[in-house]
Amino acid sequence: MTQKFHLGWFMNFTPPDWESEWASPDVREWANGKFYVDMARDLERACFDLIMIEDTVMVADAYGGTMEGSLKHAVFAPKQDPLPLAVQIAANTTNLGVVATMSTSFYSPYLLARTCSTVDSIAEGRFGWNIVSSAEDRAAQNFGLDALPEHDERYNVAEEYFDVVNQLWDSWEHDAVVMDRQTHTYADFNKVHTIDFDGKYFKSRGPLNTVPSPQHRPAFLQAGASPKGRQFAAGAADCIIAIGTGVEGMKEYRDDIRARAEAAGRNPDDVKLLFVVSPTVAATEAEAREKADRLIEAPNFVEKALVGISSNTEIDFSQFPLDEPLPPDLTTNGERGSLEHFMRGDGSGTQTLRQLVEHRIKRGLELIGTPDQVADQMAEAMEAIGGDGFLISKQGRDLSRQYIREVTDMLVPALQHKGLVRTEYATSTLRETLREF
Ligand SMILES: Cc1cc2nc3c(=O)[nH]c(=O)nc-3n(C[C@H](O)[C@H](O)[C@H](O)COP(=O)(O)O)c2cc1C
């Protein structure tokens with residue numbers, strides 16, 4: 001029997017394609033969330049495990065030292081808060097997992113634990129938290145800080161944070177709500193406890209004042225890519241979202257995470273790794289390739305991509321000539337794993353900045369062709385990597401209904417016919433859905 005793999009979608013609550021001739025006028029109203037609710041319904045029809053909403057909390061000005069690039073090209077800005085959208089999506093779907101990103105650097109643990117619990121109840125057990133520690137000093141400056149702590153120190157903070165919020169979710173025992181009419185008791189106070197957490201970074205008395213949610217704690221997603229990040233993710237995450245470099249790099253990543261999870265006393269099968277991919281499908285292979293080429297040739301494609309990577313790393317990529325290799329010693333206190341991945345390119349060390357941008361669009365695994373061909377490419381890659389699935393995301397910051405439907409109505413049926421992905425939901429919570437196979 002073929003081993004099935006999981007599908008998720010990674011998106012930003014930012015403007016989708018609003019300017020091409022195919023963008024319908026209602027898309028200009030994207031900020032009301034309806035475009036993304038439609039998308040979530042499409043994903044649910046295609047039996048995706050989850051939709052994941054990215055987040056950062058700033059308008060970047062790393063590229064050229066000005067906000068112009070971010071705002072002109074709508075790269076990570078404007079961006080709406082993911083939580084209300086997660087609630088809106090949850091209220092308009094029944095099986096799809098909904099994941100929102102929240103930063104351990106800016107939310108207080110109590111607020112986050114309370115919010116996750118509430119949203120998981122509203123989503124009837126389908127909510128997930130993408131745990132990030134943020135990567136931009138510009139974000140820190142919106143919260144009264146001059147700069148973020150050093151990269152690895154942020155993970156130390158995140159580890160303690162994770163401990164506090166879990167203790168808060170556990171502050172209500174599973175059977176604390178009794179609703180006993182005889183004794184007129186809603187909740188048994190003997191089963192609700194203070195946590196009296198007093199750590200290096202956080203202090204919280206507890207208990208949480210929300211009622212336990214169906215999953216008790218949200219499903220945990222994480223994208224740590226640096227050694228420190230992988231260590232944290234392997235110990236905490238139900239699902240790791242990753243950018244890989246070719247099937248060999250992806251296999252190494254997955255083997256490493258599974259070994260780390262096992263060393264942390266976890267069953268490695270409880271930690272799923274989903275690799276970001278951006279498939280391009282069309283009726284013929286030639287058409288699909290033409291479509292992929294058109295994206296790279298689009299005006300502003302390179303600049304948009306550089307605004308994006310500048311935003312994630314706070315390195316000004318406008319200062320480097322496009323047709324020369326980058327200086328080899330670039331470092332960041334931001335997304336370290338993402339910078340290394342970008343700079344690695346095809347691994348030759350000779351690629352120019354422009355070639356690195358063009359390489360990045362492949363997301364470590366080029367998937368171009370007819371639905372049948374791409375389904376086979378995905379199956380082959382999964383076979384070589386060992387599992388667990390893919391996280392679809394649109395490259396080029398021009399998400400459209402057409403692209404979503406090409407995936408849900410062309411690619412997914414091909415995958416389903418081959419028995420490679422889910423054709424129905426068998427469980428009710430996101431964590432169970434992720435663990436189903
Ligand atoms: C698929 C994916 C999604 C991510 N989403 C976010 C996000 O929404 N917000 C954020 O601040 N960082 C996000 N990141 C960045 C990660 O949290 C992390 O900083 C990055 O992968 C680099 O890993 P490192 O910090 O261990 O070096 C994402 C990374 C990946 C690969």
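1. Starting with a charge on a ring: Arg431 puts its charged end over the ring of Phe220, 5.7 Å from the ring centre. The criterion here is NZ of Lys or CZ of Arg within 6 Å of the ring centre and within 35 degrees of the ring normal. Arg230 does likewise with Tyr253, its charged end sitting 4.1 Å from the centre of that ring.

2. Before going on, some bookkeeping. This is a predicted model, where local features need pLDDT of at least 70 and side-chain atom pairs count only at pLDDT 80 or more, while totals for chains, interfaces and linings use all residues. Residues are numbered from 1 along each chain as its sequence is written, and side-chain values use heavy atoms, with hydrogens and water left out.

3. Phe220 turns up again in an aromatic cluster, together with Trp129, Tyr155, Tyr161, Phe162, Trp169, Tyr201, Phe202 and Phe232. Rings of Phe, Tyr and Trp (its six-membered ring) pair if their centres lie within 6.5 Å; planes under 30 degrees apart are stacked, over 60 edge-to-face, and the rest tilted. That rule gives 19 aromatic pairs.

4. One of these is Phe13 with Tyr36, edge-to-face at 5.7 Å centre to centre and 80 degrees between the planes. Phe13 lies in the loop between strand S1 (6-12) and helix H1 (34-45), and Tyr36 in helix H1, so the pair ties together parts 23 residues apart in sequence. (Helices, H or I of at least four residues, and strands, E of at least two, are DSSP runs numbered from the N terminus.) Phe13 is buried at 4% relative accessible area, and Tyr36 is buried at 1%. Buried means under 20%, exposed over 50%, and partly exposed in between, with a 1.4 Å probe and protein chains only.

5. Tyr253 and Phe275 also pair edge-to-face, 6.0 Å centre to centre with 75 degrees between the planes. Tyr253 is buried at 3%, and Phe275 is buried at 0%.

6. Lastly, helices H10 (residues 301-313) and H12 (residues 353-360) pack at about 85 degrees, axes 10 Å apart. Axes are lines fitted to C-alpha atoms over the stretch in contact, with angles from 0 to 180 degrees between N-to-C directions. The two helices are therefore roughly perpendicular (65 to 115 degrees; under 35 is roughly parallel, over 145 roughly antiparallel, the rest oblique). Phe301, Val302, Ala305, Leu306 and Ile309 of H10 meet Leu353, Arg354, Val357 and Arg360 of H12, contact being heavy atoms within 4.5 Å.
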